[in-house]
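Keep the structure open as you read.

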Amino acid sequence: MRDGMKHSDIAAPLLRWYDAHARVLPWRVSPAERAAGVMPDPYRVWMSEIMLQQTTVAAVKSYFERFTALWPCVTDLANAEDDEVMGEWAGLGYYARARNLLKCARVIRDSYDGHFPQTRAELQSLPGIGPYTSAAIASIAFNQPETVVDGNVERVVSRLFRIETPLPGAKPELTKLAETLTPQDRAGDYAQAMMDLGATICTPKSPDCAPCPLTDSCAAHVVGDAARFPHKTPKKPKPTRHGHAYVARTTRGEWVLEKRPDKGLLGGMLGWPGTHWAQEHATEAPFNAEWDELGDVRHTFTHFHLVLTVHVAEGVTNPPDHYTLREENAFRPSDLPTVMRKAFDLAHAKLEI
DNA sequence: CAATCGTGGGC
DNA sequence: TGCCCAAGATT
């Protein structure tokens with residue numbers, strides 16, 4: 001059965017299911033619209049795919065609406081200021097995506113006459129567009145029969161074939177198998193159908209196999225152990241790091257901030273002056289002021305926990321000039337990455353008391 | 001290739 | 001509560 005799996009075994013019932021159950025999403029063209037010849041805007045497909053990298057649909061929606069309202073086409077985005085784009089991205093995480101988003105938009109403006117290339121190879125040469133996203137744009141925006149392999153597809157395919165190899169090592173094997181299932185027609189609908197199936201039916205913990213259109217072809221369902229797949233290699237434990245953040249306001253009511261370097265954690269984002277984050281270290285304020293220690297903020301990043309001790313000072317007169325000063329009415333806490341906003345919330349509550 | 005890079009929600 | 005997870009890319 002596994003060796004004899006044909007395109008039609010998967011694609012036909014999956015597309016039939018998708019025609020009836022496709023999710024309605026702001027960046028998506030429905031299967032009915034596609035059937036009528038409507039194609040999505042490649043700019044919106046690209047924008048959504050970048051935002052959706054390792055990020056939930058629920059978290060992306062409002063960001064997508066805001067970005068496309070502020071910058072309706074790729075040239076508008078390319079012409080935007082870096083700081084404005086980074087500020088709008090604040091809170092969504094993985095900030096290299098925002099820096100690459102701007103880089104990519106400017107390449108499209110300067111080298112592609114404002115139009116996205118249509119081949120997977122050209123797409124993948126652009127900043128922030130890797131193997132998954134190139135296939136997603138080629139298939140969804142241009143109906144090319146490229147195979148998308150994201151976390152959903154890995155899970156669906158690992159169950160269809162009961163792949164025992166653990167991820168991420170199984171990725172090449174899963175990719176090869178996924179390619180054998182991809183139909184020549186309706187490439188965009190098929191890619192989105194696979195991901196919808198993974199997101200709504202073939203879910204990680206307790207797959208809802210009863211309404212699944214692929215049970216007849218699913219090896220794991222036959223055995224009854226779909227929830228055991230995909231296998232994964234165990235993760236390393238997260239260490240805890242400690243640091244200090246210093247939230248200060250000048251006599252004129254300006255907040256004292258710093259722009260973080262483009263590389264590394266929270267790269268290119270606004271933040272509070274502070275110490276290095278390490279296992280242990282001594283407290284050392286970035287400049288002289290009447291610092292008041294408020295307490296700790298806890299935050300978990302991808303590979304470590306952080307305990308950040310927050311200090312505040314008011315009436316600061318002479319902060320070193322490499323800091324960025326923001327007047328009260330020019331400062332939006334929403335421009336800060338979440339860990340920095342947590343520190344601000346703690347400090348702000350204290351200062352307003 | 002293993003490490004790095006955020007955040008919020010669900011269980 | 002702590003861990004898992006989400007439409008990955010880059011180095």
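Which residues do ring pairs link into a cluster? They are Tyr246, Phe287, Trp291 and Tyr323. The model is predicted. A search of the whole structure finds 16 aromatic pairs.

**The pair of tryptophan 27 and phenylalanine 64**
- Among the aromatic pairs is that of tryptophan 27 and phenylalanine 64, which is edge-to-face.
- The two ring centres lie 5.3 Å apart, with 75° between the planes.
- Tryptophan 27 lies in the loop between α1 (7-21) and α2 (31-35).
- Phenylalanine 64 belongs to helix α4 (residues 57-70), so the pair ties together parts that are 37 residues apart in sequence.
- Tryptophan 27 counts as buried because its relative accessibility of 9% is under the 20% cut-off.
- Phenylalanine 64 is also buried, at 0% relative accessibility.

**Inside the cluster**
- Phenylalanine 287 and tryptophan 291 both belong to the cluster with Tyr246 and Tyr323.
- Their ring centres are 5.3 Å apart and their planes stand at 55°, so this pair is tilted.
- Phenylalanine 287 has a relative accessible area of 8% and is buried.
- Tryptophan 291 counts as partly exposed, with a relative accessibility of 21%.

**Charges over rings**
- Arginine 66 places its charged end over the ring of tyrosine 63, 5.0 Å from the ring centre.
- Arginine 241 lies over the face of phenylalanine 304, and the distance to the ring centre is 3.9 Å.

Conventions. Residues numbered from 1 in each chain as written. Chains lettered and ligands numbered in written order. Predicted model: local features only at pLDDT ≥ 70, side-chain atom pairs only at ≥ 80, totals over all residues. Heavy atoms only, no water. Phe/Tyr/Trp six-rings, centres within 6.5 Å; stacked < 30°, edge-to-face > 60°. Helix = DSSP H or I, 4+ residues; strand = E, 2+ residues; numbered from the N terminus. Buried < 20%, exposed > 50% of the residue type's maximum accessible area, 1.4 Å probe, protein only. Lys NZ or Arg CZ within 6 Å of the ring centre and 35° of its normal.
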